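Let's take a friendly walk through this protein chain together. Have the sequence and the 3D view open, and follow along as each part comes up.

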Amino acid sequence: MRSAVDRIFDLLEAIATRPAGAALNELAAAAQLAKPTAHRLLADLIARGLVRQDGPNGDYSLTLEIALLGFRHLAGTGFLDICQPALDRLAGTAGELIRLSWLDGERLAIVAESQGAKPGLRFDANLGRPVVLHSMAVGKAYLASLTDAEALARVRAQGLLGKAEAGASPIRTEADLLAELERVRRCGHALAYNEADPGAGAVAVPIKAADGGAFLGAIAVVVPTARWTREALAGLVPDLSEAARDIASKAVVAPYCRKGAQVLRRPANSKGS
């Protein structure tokens with residue numbers, strides 16, 4: 001039986017995937033809740049300012065309160081102070097979108113970005129997007145830091161390998177994935193080209209803690225394949241590696257909210273420049 005917290009978060013996740021809003025029936029079905037239960041929980045969420053409804057019988061959507069809560073947390077840890085300057089410099093050098101993903105427990109999440117591409121053919125910010133481990137460059141960088149058995153366990157838990165993909169050439173088998181991870185370990189960077197998204201390419205390098213080299217996160221350049229070859233992407237690795245070292249060197253790694261999770265905190269004598 002799901003707890004009240006589980007039901008609330010299932011409902012919030014259902015609303016979050018429907019940014020234009022959704023009706024009660026749709027949200028109840030998506031969250032696997034009885035309609036009266038969903039209606040009661042939505043009323044509570046509206047009272048707390050987390051959800052809004054468009055009229056008495058209108059669709060439900062999220063307010064900005066949850067996003068603002070996350071921003072307040074990141075601001076308090078100094079996370080963006082540490083990361084953003086390095087991301088902005090790299091965006092200016094590459095002239096493309098830069099993404100930072102961070103490891104929270106066993107989940108890799110996109111937490112910060114910087115746009116260096118001019119308007120036109122470019123990829124825009126996508127904070128909060130789940131990282132598909134086997135088809136995104138940052139995901140491959142993470143999997144390569146694990147043993148083969150651990151990597152396969154993470155991918156199997158996602159349940160997306162071999163499923164319908166948006167990109168034209170995703171990895172489809174575990175054998176191909178293990179071969180790709182061995183390549184990533186050997187060369188020190190991960191590539192994804194027309195895998196997670198059609199017409200998108202990315203190159204990523206890991207961010208590792210100074211004490212022992214534990215994987216903390218990954219930084220990537222995301223580009224249109226129309227103007228970038230695989231070889232050109234690989235040429236960005238030195239700049240990516242410099243940004244990764246910069247972020248790691250300015251941070252203190254501290255225990256976070258769940259066992260095994262870590263977060264960047266600004267050192268006491270640093271202003272996060």
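## The enclosed strand and its sheet

In this predicted model, strand E7 is largely enclosed by the rest of the structure, because 10 of its 10 residues are buried.

E7 belongs to an open sheet of 5 strands, arranged in the order E4-E3-E7-E6-E5, with antiparallel pairing. The edges are held by E4 (107-115) and E5 (190-193); each has a single partner strand, so one side of each is left without a neighbour in the sheet. On average, and ignoring direction, neighbouring strands of this sheet are turned by 25° against each other.

| Strand pair | Sense | Bridges |
|---|---|---|
| E3 and E4 | antiparallel | 8 bridges |
| E3 and E7 | antiparallel | 6 bridges |
| E6 and E7 | antiparallel | 9 bridges |

Start at Leu100, which stands opposite Ala112 in E4. Leu100 also has a bridge partner in E7, namely Ile219. From there, Ile219 of E7 stands opposite Val205. Strand E3, for orientation, covers residues 97-104.

Helix H1 (residues 4-16) and helix H3 (residues 35-47) have axes that come within 11 Å and cross at roughly 80°. Angles of 65 to 115 degrees count as roughly perpendicular, and that is why H1 is described as roughly perpendicular to H3.

On the H1 side, the contact is made by Arg7, Ile8, Leu11, Leu12 and Ile15. H3 contributes Thr37, Ala38, Leu41, Leu42 and Leu45. Sorted by class, the contact of H1 with H3 has 8 nonpolar, 1 polar and 1 charged residues.

Leaving aside residues up to four places away in sequence, Ser61 touches Ile15, Gly21, Val51 and Arg52. Is Ser61 buried or exposed? Its relative accessible area is 14%, and the cut-off for buried is under 20%, so Ser61 counts as buried.

## Loops with a positive phi

As a rule, most residues other than glycine have a negative phi. Gln32, however, has a phi near 55°, a positive value in a residue other than glycine. Gln32 lies in the loop between helix H2 (24-30) and H3, and with a relative accessible area of 64% Gln32 is exposed.

Asn194 also has a positive phi, of about 55°, although it is not a glycine. You will find Asn194 in the loop between E5 and E6.

For anyone thinking about cysteines, a search of the whole structure finds 0 disulfides. A disulfide, in general, is a covalent bond between the sulfur atoms of two cysteines. Cys83 has 0% relative accessibility and therefore counts as buried. Cys187, at 35% relative accessibility, counts as partly exposed.

Thr93 sits in helix H5 (residues 79-94). Because its relative accessibility is 54%, Thr93 counts as exposed. How many residues separate Thr93 and Gly116 in sequence? They are 23 residues apart along the chain, and 8.0 Å apart in space from C-alpha to C-alpha.

## The chain as a whole

Stepping back, the protein chain has 10 helices and 9 strands. Of its 273 residues, 44% count as buried. Among contacts between residues at least 6 apart in sequence, 55% join residues at least 24 apart.

Notes: Residues are numbered from 1 along each chain as its sequence is written. This is a predicted model: local features need pLDDT of at least 70, side-chain atom pairs count only at pLDDT 80 or more; totals for chains, interfaces and linings use all residues. Side-chain values use heavy atoms; hydrogens and water are left out. Axes are lines fitted to C-alpha atoms, for helices over the stretch in contact, and angles run from 0 to 180 degrees between N-to-C directions. Helices (H or I, at least four residues) and strands (E, at least two) are DSSP runs, numbered from the N terminus. Angles under 35 degrees count as roughly parallel, over 145 as roughly antiparallel, 65 to 115 as roughly perpendicular and the rest as oblique. Contact means heavy atoms within 4.5 Å. Ala, Val, Leu, Ile, Met, Phe, Trp, Tyr, Cys and Pro count as nonpolar, Asp, Glu, Lys and Arg as charged, and the others, Gly among them, as polar. A disulfide is a pair of cysteine sulfur atoms within 2.5 Å. Buried means under 20% relative accessible area, exposed over 50%, partly exposed in between (1.4 Å probe, protein chains only). Two strands pair if DSSP finds at least two bridges between them.
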